[in-house]
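Please keep the sequence and the 3D view open while reading.

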Amino acid sequence: VDACILIWLAGGPSHIDTFDPKPDASKDVRGEFNPIPTSVPGLILSEVFPRLAKSMHRATLVRSLTSPEAEHDRAAHHMLTGYRPSPALVYPSYGSVVNKVRSDVASDGASVLPPYVAVPDAPLFSSSGYLTPAYDPFTTGGDPNLPAFRVRDLTPPDRLTLERLLRRRSMVDRLDDFSSDLAETPLVTSRDQFAAQAYDLLTSGAAQTAFKIQDEPEAIRERYGRSTLGQSILLARRLVERGVAFVTVNDRGTGQLGWDTHVQNFPTIKNTLAPPLDQGVSALVEDLTARGMLDRTLVIMMGEFGRTPAINPNAGRDHHGRANCVLLAGGGLPMGMVLGKTDAKADSPVERPVTPADLAATVYTLLGIEPRSMFLTPDRQPIRLVDKGEAVRELLG
Amino acid sequence: VILPERLTLRAFDPGVQFLVSSPGVHGGSIDRTNSANYRVEPAEVATIEPGGYLRPKEPGQAKLIANTPEGEVIAQVTIENPAESRPWDFDAEIVPMFSKLGCNAGGCHGKADGQNGFHLSLFGYDPEGDHRAITRDAGARRISTADPELSLLILKATGVMPHGGGRRIVPGSDAETMLIDWIAAGAPRSSTAKPDPVVSITVEPPVARLDEPGKQQFRVLARHESGRIADVTRQAVYKTNDDTVADVDGETGLATLKRRAEADLVIRYQSHVVAARIATPFNPDLSFDFATLPRRNVIDTELFKRLESLKVPPSPPASDAAFLRRVTLDLTGQLPETAEIREFLADKSPDKREKKVDELLTRREFSWFWRIKFGDLLQVSQARFQAGAGPYQYWLTERLNQNAPWDKMVRELLTSLGDPTILREGGPVNYALDGESPQVMGELAAQRFLGLRIRCAQCHDHPFDLWTQDDYYGFAAFFAKIDRGNSGPPGANMGRPRVKVNPDGKVEHLRTKQVVPPRLLGGEEVRLEKDADPRVALADWITRPDNPYFARATVNWLWAQFFGKGIVDPPDDLSVANPPVHPELLGALAKHFVEHKYDIRDLIRTIATSEAYGLGSKPVPGNEQDNRLFSHHLPRPLTAHQMADALAQATDVPNVFPNRTSRSRTRAIEIFDPGTASTILDTFGRCPRTNGCSTTGNPQLTLRQALLVIGGDVVDGKVSHLNGYLANMLSFEPQPSEIVENLYLRALCRLPTAEESSHWGQALASASNPREAAEDLFWALLNSREFAFNH
């Protein structure tokens with residue numbers, strides 16, 4: 001598998017109202033949505049995902065993810081790193097680990113693009129943790145849905161032509177040759193490398209093109225949906241197609257944690273949160289399939305936790321770590337599969353519980369990274385990439 | 001020479017490591033322990049292994065004779081047969097074996113929930129629990145006193161039965177024999193009426209000075225409470241701090257120095273840790289006259305002594321221009337002005353560097369810049385202290401302006417009570433609100449003021465340091481009586497927070513669930529009246545002149561501000577396992593700091609006027625490989641505030657900050673709260689002061705930084721600004737050579753060399769668009785290595 005796209009549903013989506021409907025539960029649990037059939041016989045989803053329902057035969061749904069964490073930051077750390085949070089250490093996110101592993105083996109012909117990109121910004125704990133910040137995600141910023149979208153600092157000011165930038169670069173090289181008194185310590189070399197990478201990004205047509213979502217045909221842009229989320233997902237595909245190893249798309253809805261529906265859960269999901277997601281993710285799966293990229297691209301969609309089966313007095317649902325859903329697609333995973341199930345109220349898994357550590361072991365295995373590899377913290381303490389987790393065999397085929 | 005020369009052993013002791021050495025020709029020694037030929041006379045009494053490890057066999061007197069190229073050396077060995085049977089001590093004999101074999105490591109049975117139902121305490125911090133786990137848990141099926149050899153513990157550890165950890169013990173080894181004997185004896189916790197715990201360990205030699213890279217045997221001795229000294233060389237755990245320089249055999253304590261360098265070894269036995277050092281002269285044939293080096297103060301005396309002993313030449317002093325730029329950046333966060341550079345270069349007085357330091361210390365920029373460093377250390381920010389941040393910042397600024405002694409400042413922080421939001425008195429009260437629990441407060445105080453990381457000891461004894469869980473909770477207990485005042489009756493004090501003493505505040509030990517009395521690091525318990533603030537006693541101890549950590553941690557932190565790394569590095573980790581590279585220098589500088597009454601400006605002056613700080617950054621033959629000894633100045637990336645101000649200063653185009661007009665020409669060093677938005681400060685890694693950040697060492701480099709200065713508007717916009725320096729200069733229609741000289745002075749704070757001057761002068765003269773060419777040169781200077789680093 002060459003690449004991974006992680007769509008992060010910030011705030012924690014209600015699993016009952018999306019991927020784990022319980023039509024037979026009482027009204028105070030099942031909520032306001034009706035189930036709909038999908039392209040997988042016997043599999044139902046909530047009515048809020050009509051388009052995704054038609055793509056489920058290409059996806060794998062895990063309905064039994066479970067974690068003791070039910071606070072946003074702690075749960076996000078658990079889901080994005082595979083480790084429960086520790087006061088002593090922040091663990092590295094999936095993308096940072098991929099970034100490190102790819103950088104360690106990178107050859108000269110490697111893409112000039114950063115291996116780990118966040119669109120449009122990075123969720124908390126999608127950082128490099130105890131690894132060096134060099135493996136943090138490169139965030140695009142901005143809104144890919146805006147006509148004038150561009151990545152800050154990645155496109156030089158208009159007055160600075162390519163020719164002039166190249167001339168300046170050669171002048172810098174000359175200056176550095178002159179001041180050879182400066183010892184070439186690892187820090188000096190490291191700065192040179194970042195500068196070289198920056199010049200490459202700024203002067204390479206391929207790199208400039210990679211972020212230029214405006215070059216996508218109009219029909220494709222429409223298919224992903226003219227929303228920030230839809231175009232972010234499209235940009236993710238565009239980057240992965242051009243060699244980026246890991247893209248995190250942060251779906252914040254309309255706020256910081258849009259999926260945190262303590263209040264007015266149902267209209268918020270139905271009118272605001274679900275439609276752009278339904279459109280964008282179904283488009284991604286179709287598009288990757290059409291381009292023959294699905295097998296080589298792993299798609300993960302999840303939030304920090306599920307939400308309570310009980311509906312609170314504000315017509316909302318509250319944090320619920322015991323049950324959560326993860327939608328997976330591509331990466332050679334079995335298609336049309338549903339793994340695990342929750343009890344009648346969607347409160348806890350009753351079959352094949354999967355922990356975030358199990359998920360991490362699975363994802364790393366799919367990405368060709370040994371989950372038992374050891375990494376060193378800055379104070380040289382060895383830490384296993386995944387602890388207390390086993391890759392889910394049913395998913396590895 | 002043989003060590004020990006005389007020795008008494010008990011017949012059941014496991015064995016003793018001898019050391020045999022000869023003097024070298026380069027002032028070091030040659031370890032013969034592994035090359036000597038040994039024999040014991042008479043041979044029935046003891047056996048000797050080729051590596052110099054002697055095992056007792058039966059009572060009697062014997063000679064150990066070691067044959068070396070320099071002749072024979074002899075040790076006298078007495079083996080006793082004490083009347084009583086072999087005493088057992090599970091804590092001192094069996095638990096260390098689990099550490100040595102890795103059984104109780106974090107990846108195995110030492111994990112919080114154990115491994116396959118068998119849990120040992122991490123690195124053996126809870127011998128009582130370990131003893132229970134082995135002898136009683138799981139239906140007591142792990143051992144069989146009737147058939148010790150068939151105990152599950154033995155069968156698993158030797159790999160006879162399937163074991164996830166594989167074979168940890170070789171059948172027939174010392175470890176197996178000892179375990180079986182212990183089980184056969186009934187697997188006691190302690191078989192004597194009075195336990196005799198180990199109180200300390202030592203290593204021999206503490207510093208091995210070898211003539212050449214090669215092998216060095218170490219021996220480790222444990223001192224028991226009764227005064228008995230036991231050889232634990234084969235029971236201790238070894239690790240090297242730099243495996244590119246030295247290896248150590250974890251079984252035997254035999255180290256190998258791989259190249260001409262120096263490395264530290266860390267040795268652990270039970271909860272005791274000790275460090276040893278192994279080194280060779282780096283350049284054995286160096287001819288360098290160390291005697292003529294100027295020694296301006298205690299720093300130079302100690303540093304040059306060390307460099308001489310390791311035969312590492314220091315680089316010659318930095319040029320005047322490089323020194324001026326370096327010291328101005330370090331003291332004020334700014335670049336020197338062009339006129340100032342010219343004046344300094346022209347000044348012929350021999351003490352001009354000292355005078356410059358003295359003058360810089362009086363500038364307001366000095367206070368601005370250093371309040372950022374101290375603010376980072378204390379994490380003063382609106383994000384953490386809300387309404388208290390203003391008073392806290394005010395207090396910090398005032399104290400730095402007054403050059404308040406550091407011990408007085410720390411005492412104020414540790415003991416102030418009252419309303420943290422009152423401007424004049426409230427500032428230091430905020431310190432009491434910094435951590436949400438006594439535990440966190442203890443961790444923060446230990447780390448900030450003492451350079452100690454005690455957090456590991458919250459859950460288990462610190463694996464690579466002295467600190468036990470008892471130390472941790474005892475230290476936290478000093479903060480147990482802080483009443484944060486948030487839970488008072490609403491309206492009673494108008495909702496204002498008020499920090500006061502809560503006589504009932506307490507801290508419980510995680511394992512024993514007992515209320516823990518305040519206990520100083522190192523063991524001394526403190527008895528106090530119920531309504532006293534224990535923090536006063538803590539402040540008394542921390543600021544005592546003989547406190548072993550406070551002054552050392554402070555001078556090391558300050559040193560790191562000037563050198564990019566500490567004498568102990570990382571600088572906030574003064575653990576036994578992380579020894580200082582120059583112990584004498586650290587000790588002498590700490591002593592100086594105490595003697596000068598914790599005077600921060602004096603300490604800064606001492607460092608900044610030392611010959612050591614003024615060394616050039618260009619290596620000379622013999623110190624090219626050194627990045628540890630401070631033989632030359634290592635380039636440091638500009639910090640966020642330095643970078644932002646340097647760009648503004650060089651170009652005469654100020655940075656713009658929220659709620660400040662560009663006409664106010666606000667400098668980055670005036671922006672002390674990270675809540676004030678600034679792309680350049682964030683990109684270049686200013687400390688967010690939310691949840692800790694390294695306040696020492698070098699800033700992190702990132703791709704984002706490179707993109708900002710290369711692709712962004714930050715540099716290009718300033719260079720081409722219509723009211724900027726370049727536009728103004730060009731309006732005077734200067735000659736190309738003048739342009740080059742001025743731009744070099746602005747950006748790099750030095751004059752161009754003749755070669756640089758002619759190269760760029762010609763480039764400008766032949767350019768079709770002279771303005772563009774000058775902009776390009778200015779831009780390139782601001783994007784050069786030399787600009788990006790403090791060197």
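Which residue forms a salt bridge with B:Glu262, and how many Å apart are the closest N and O atoms? The partner is B:Arg277, with the closest N and O atoms 3.9 Å apart. A salt bridge here is a side-chain nitrogen of Lys or Arg within 4 Å of a carboxyl oxygen of Asp or Glu.

## Basis of the model

This is a predicted model, in which local features need pLDDT of at least 70 and side-chain atom pairs count only at pLDDT 80 or more, while totals for chains, interfaces and linings use all residues. Residues are numbered from 1 along each chain as its sequence is written, chains are lettered from A and ligands numbered from 1 in the order in which they are written, and side-chain values use heavy atoms, with hydrogens and water left out.

## Chain B

Chain B has 791 residues, of which 58% are buried; buried means under 20% relative accessible area, exposed over 50%, and partly exposed in between (1.4 Å probe, protein chains only). The chain contains 29 helices and 24 strands. These are DSSP runs numbered from the N terminus, with helices (H or I) of at least four residues and strands (E) of at least two. Its C-alpha atoms fill a box of roughly 100 × 80 × 50 Å along the principal axes.

Contact means heavy atoms within 4.5 Å. Among contacts in chain B between residues at least 6 apart in sequence, 63% join residues at least 24 apart. Chain B exposes about 32,100 Å², and carbon and sulfur atoms supply 51% of that area. Accessible areas come from the Shrake-Rupley method with a 1.4 Å probe; for residues, only the protein chains shown count as cover.

## Salt bridges within the chains

Over all chains, the structure holds 92 salt bridges. In the opening pair, B:Glu262 lies in strand 19 (residues 262-269) and B:Arg277 in strand 20 (residues 272-279) of chain B, 15 residues apart. Both B:Glu262 and B:Arg277 are buried. Elsewhere in chain B, B:Asp351 pairs with B:Lys355, the closest N and O atoms being 4.0 Å apart. B:Asp351 is partly exposed at 35% relative accessible area, and B:Lys355 is partly exposed at 42%.

In chain A, A:Arg84 forms a salt bridge with A:Glu69, with the closest N and O atoms 2.9 Å apart. A:Arg84 is in the loop between helix 3 (72-81) and helix 4 (94-105), and A:Glu69 is in the loop between strand 4 (59-65) and helix 3, so the pair ties together parts 15 residues apart in sequence. A:Arg84 is partly exposed at 45%, whereas A:Glu69 is buried at 4%.

## The interface between chains A and B

The contact takes 47 residues from chain A and 52 residues from chain B. Together the chains bury about 4,500 Å², 60% of it on carbon and sulfur atoms; buried area is the accessible area (1.4 Å probe) that two parts lose on being put together, summed over both.

Between the chains there are 12 salt bridges. One of them joins B:Asp716 to A:Arg159, with the closest N and O atoms 2.7 Å apart. Both residues belong to a network of salt bridges that also includes A:Glu163, A:Arg164, B:Asp713 and B:Glu772. On the side of chain A that touches chain B, helix 6 (186-203) is among the elements that supply at least two residues, and helix 6 gives the most, with 12 residues.
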